Amino acid sequence: CGDVLIKDSTITAPASGYAFDLYFWPGNGYTEGVSVTVGNSTINGPIECTEDNTASSMEGKNHLIIQEGSVVNGNINISNAGSVSISGAEINGNITSNDSEAAVLVENSKVTGEISGSAADNMVVRNSVDGSGAFIDKTSEGKQAAIGGKVIARETVKAMRKDVLAK
């Protein structure tokens, strides 16, 4: 469908609505997918990444890129997406992924909510902090994030574990 750039802007969702959604709709002519880049902008409200599931071959899918200087005051819900990349941004809400095939990368960012969902273990989170300022670095062995088929990050270190012997 095309590329959308939201730059130096503020978007506010209506009550009980979304600030915007990335909706892959191959059955209605959107065969190449949707790519939205948010740069130096404020998004007030939730963002949804989903699709209508009418195509057996997912060729396009959605790509969400949230760049440095951007603030999202709402949840990011990923039910179907090709990739989500959040770098140098502030997310004042939850990031929830239920798409085990989505490549999700969160780096050098602040996330005040939870990172969760049935596919949360597939996310790469590095050099980021939570709402209290605590460091978050969540990477499983062999995970990678890609945008449009191009690998933008790959980690091969084992996931951090709690030291149960520490006093």
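View 1. The protein exposes about 8700 Å², with carbon and sulfur atoms supplying 45% of it (Shrake-Rupley areas, 1.4 Å probe; for residues, only the protein chains shown count as cover). This is a predicted model, where local features need pLDDT of at least 70, side-chain atom pairs count only at pLDDT 80 or more, and totals for chains, interfaces and linings use all residues. Residues are numbered from 1 along each chain as its sequence is written, and side-chain values use heavy atoms, leaving out hydrogens and water. Of the 167 residues, 41% are buried (under 20% relative accessible area, 1.4 Å probe, protein chains only). You'll find 19 strands and zero helices here (DSSP runs: strands are E, at least two residues; helices are H or I, at least four).

**View 2. A parallel open sheet.** Five strands line up as β3-β6-β9-β12-β15, with parallel pairing (two strands pair if DSSP finds at least two bridges between them). At the edges sit β3 (20–24) and β15 (115–116), each pairing on one side only. Zoom in on β6 (residues 47–51) and β9 (residues 76–78): three bridges join them, and Glu-48 stands opposite Asn-77 in β9.

**View 3. Inside the largest nonpolar core.** This core holds 30 residues (buried Ala, Val, Leu, Ile, Met, Phe, Trp, Tyr and Cys joined through side-chain atoms within 4.5 Å). Among the members touching the most others are Phe-20, Ile-47 and Leu-64. Strand β4 (34–39) is one of the elements giving two or more residues; β4 gives the most, with three.

**View 4. Around Leu-64.** Beyond its neighbours within four places in sequence, Leu-64 is in contact with residues including Phe-20, Val-36, Cys-49 and Ser-83 (contact: heavy atoms within 4.5 Å).

Definitions and conventions:
Buried < 20%, exposed > 50% of the residue type's maximum accessible area, 1.4 Å probe, protein only.
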